[in-house]
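Please walk through this protein with its rings, its charges and one of its helices in view.

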Amino acid sequence: MKIEKEHINYIQDEFALMQSRQDFLDLLNYTKPLIYGKEAIPFALKQITYYANPKRSKKAYKEFQIKKKSGGTRTIYAPENGLKAIQKTIAFILQCVFEPHNAVTGFVIGKSIVDNAKVHTNQNYVFNIDLKDFFPSIEQARVWTCLRLKPFNLIEVTEVIEFDYLKLQTGIRKFTTELNEQIFYKLDKGTFSIVNDKKGNYKAYKKRLTSLGIDIFKDAVNYITTDSNLKELENLIINRGKIANIIAAISCTEMLVEREKNGNWQKVKRNVLPQGAPTSPVFSNIICQKLDRRLSGVAKRFNLNYTRYADDITFSSMHNVYQENSEFLKELTRIIKDQNFEIKASKTRLQKTGYKQEVTGLVVNEKVNVRKRYIKQIRMWLYYWEKYGYNKAESIFLRDYFIDKGHVKKAKPNFKNVLSGKLEYLKMVKGFENTTYLSLNKRFDKLIGFKNPLNTILTEWENKGIESAMEIYNFKENEQV
């Protein structure tokens with residue numbers, strides 16, 4: 001389903017207004033079809049409650065290790081399908097509400113590794129660092145705390161203000177009229193205002209009061225702060241805070257992690273963001289807001305470029321500030337440690353001009369590009385397919401694939417799908433008008449028997465005239481509808 005601006009606006013409005021678990025469930029069920037299609041089955045409240053229970057949610061992950069190409073293993077916590085669907089929906093909602101720092105390019109709608117690499121082209125020095133155990137470094141308490149801050153504001157009690165002889169909390173609240181109409185209002189520094197009256201409940205309520213000679217703004221205390229509404233407000237305030245608890249619990253799980261104590265690393269159990277959960281990437285961007293602000297400030301101070309793609313941090317510049325024990329490195333290390341992260345020393349590298357410089361797997365010496373080997377490999381596979389046929393080409397591909405990636409991936413890949421994916425990646429990096437991409441993609445289309453409808457129409461126009469070509473065009477348009 002195509003995501004429109006109106007969908008994002010609705011999600012933002014409803015997130016700000018939700019006051020209970022039911023409101024949260026309603027927002028999840030509005031969002032789910034945007035991700036999974038119109039036929040998506042709605043979530044039930046008992047599903048949300050089940051996965052928010054730490055004792056039960058632990059069983060909802062499948063833990064396994066995959067080998068890294070550089071050596072060692074990486075632990076993945078893959079959520080079962082029910083939890084994964086909830087996490088994926090929550091992640092999309094949070095992406096609509098939260099806007100990351102402009103230096104962040106990973107897990108951001110509309111950004112990619114190409115945007116990350118572009119910043120660092122044509123520089124004399126490219127400096128890369130990775131953060132150690134990035135997702136598991138973030139504990140549930142930090143996730144919960146961030147959900148209570150802007151722009152989420154999932155809090156139980158805010159600043160208390162004096163409203164006549166009564167005390168009310170500031171923020172967005174709701175009350176129910178004598179006709180069971182729900183009206184959302186905002187109290188801010190003693191000012192009362194109506195919020196999001198899409199259903200016209202407030203207009204109808206005001207009309208009834210006006211007919212009785214009552215001004216709701218002047219008499220807000222009498223008509224909004226009745227005993228029944230104050231009791232409802234108290235419950236709503238508590239429930240809004242509980243939504244933060246639910247989201248944090250659904251997004252984290254208990255696992256064995258490394259923590260430093262008195263200079264020594266120890267294995268301890270903590271509730272953290274698991275690597276493998278759809279919510280972990282967006283929460284990492286939320287948690288790293290302060291880190292990104294401070295590292296951007298350091299970059300500005302030393303006249304550097306800065307980007308972050310998940311745990312991959314890159315600085316670049318025309319001058320060298322990356323010497324051992326330099327002021328820049330001292331400040332960088334201090335800030336990262338202060339934000340409860342650790343630099344992975346084995347992944348720290350300084351790339352100088354005159355040598356190949358890479359950022360998130362892309363070459364950035366002059367412009368953003370793939371490695372030469374990448375294109376050479378696509379050409380080779382296409383040649384084998386053209387010369388020996390699909391079956392023989394696939395067997396050669398599988399042999400080379402398992403030599404290259406067999407230590408990481410065990411499943412048998414589909415040759416045609418892998419080749420198609422590599423061409424799509426090449427298009428993303430080089431652009432859809434790039435001659436290298438167009439040439440390789442044309443050969444691939446010919447091999448799979450794809451016929452460009454535009455070529456068919458142009459050929460018809462040339463041979464039989466425009467009227468005949470228009471008939472084909474109109475037929476294909478109706479076919480798509």
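What follows starts with aromatic pairs, then turns to charges over rings, a loop threonine and a helix. The model is predicted, and residues are numbered from 1 along the chain as its sequence is written.

Begin with the rings. Counting ring centres within 6.5 Å, the model holds 26 aromatic pairs. Take Tyr322 and Phe328. Their ring centres are 5.6 Å apart and their planes stand at 90°, so this pair is edge-to-face; the cut-off for that class is over 60 degrees. Tyr322 is buried, and Phe328 is buried too.

A second pair is Trp385 with Phe444. Here the centres lie 6.1 Å apart and the planes meet at 75°, so the pair again counts as edge-to-face. Where do these two residues sit? Trp385 belongs to helix 14 (residues 372-388) and Phe444 to helix 17 (residues 435-448), so the pair ties together parts that are 59 residues apart in sequence. Trp385 has 9% relative accessibility, so it counts as buried, because the cut-off is under 20%. Phe444, at 5%, is buried as well.

Ring pairs also build a group. They link Tyr125, Phe127, Phe302, Tyr306, Phe315, Tyr322 and Phe328 into a cluster. Tyr322 and Phe328, the edge-to-face pair described above, are among its members.

Now look at charges over rings. The charged end of Lys32 sits over the ring of Phe43, 4.1 Å from the ring centre. Lys132 lies over the face of Trp265, with 5.3 Å to the ring centre.

Next comes a loop residue. Thr105 lies between helix 5 (81-97) and helix 6 (113-118). Is Thr105 buried or exposed? Its relative accessible area is 4%, so Thr105 is buried. Its side chain makes a polar contact of 2.8 Å with the side chain of Asn116. Beyond its neighbours within four places in sequence, Thr105 is in contact with Lys111, Ser112, Asp115, Asn116, Arg308 and Tyr309.

Finally, check helix 2 (residues 21-36). Its 16 residues, at 1.5 Å a residue, should span 22 Å. The end C-alpha atoms are 22 Å apart, which agrees. The buried residues of helix 2 are Asp23, Phe24, Leu25, Leu27, Leu28, Thr31, Lys32, Pro33 and Leu34. An α-helix has 3.6 residues a turn, so residues three or four places apart point the same way. Lys32, on this buried list, is the lysine whose charged end sits over Phe43. Just after helix 2, Gly37 adopts a positive phi of about 100°.

Conventions
This is a predicted model: local features need pLDDT of at least 70, side-chain atom pairs count only at pLDDT 80 or more; totals for chains, interfaces and linings use all residues. Side-chain values use heavy atoms; hydrogens and water are left out. Rings of Phe, Tyr and Trp (its six-membered ring) pair if their centres lie within 6.5 Å; planes under 30 degrees apart count as stacked, over 60 as edge-to-face and the rest as tilted. Buried means under 20% relative accessible area, exposed over 50%, partly exposed in between (1.4 Å probe, protein chains only). Helices (H or I, at least four residues) and strands (E, at least two) are DSSP runs, numbered from the N terminus. A charge sits over a ring if NZ of Lys or CZ of Arg is within 6 Å of the ring centre and within 35 degrees of the ring normal. A polar contact is a pair of N or O atoms within 3.5 Å; within protein, one must be able to donate a hydrogen and the other to accept it, and residues adjacent in sequence count only if both atoms are side-chain atoms. Contact means heavy atoms within 4.5 Å. The expected span of a helix is 1.5 Å times one less than its number of residues.
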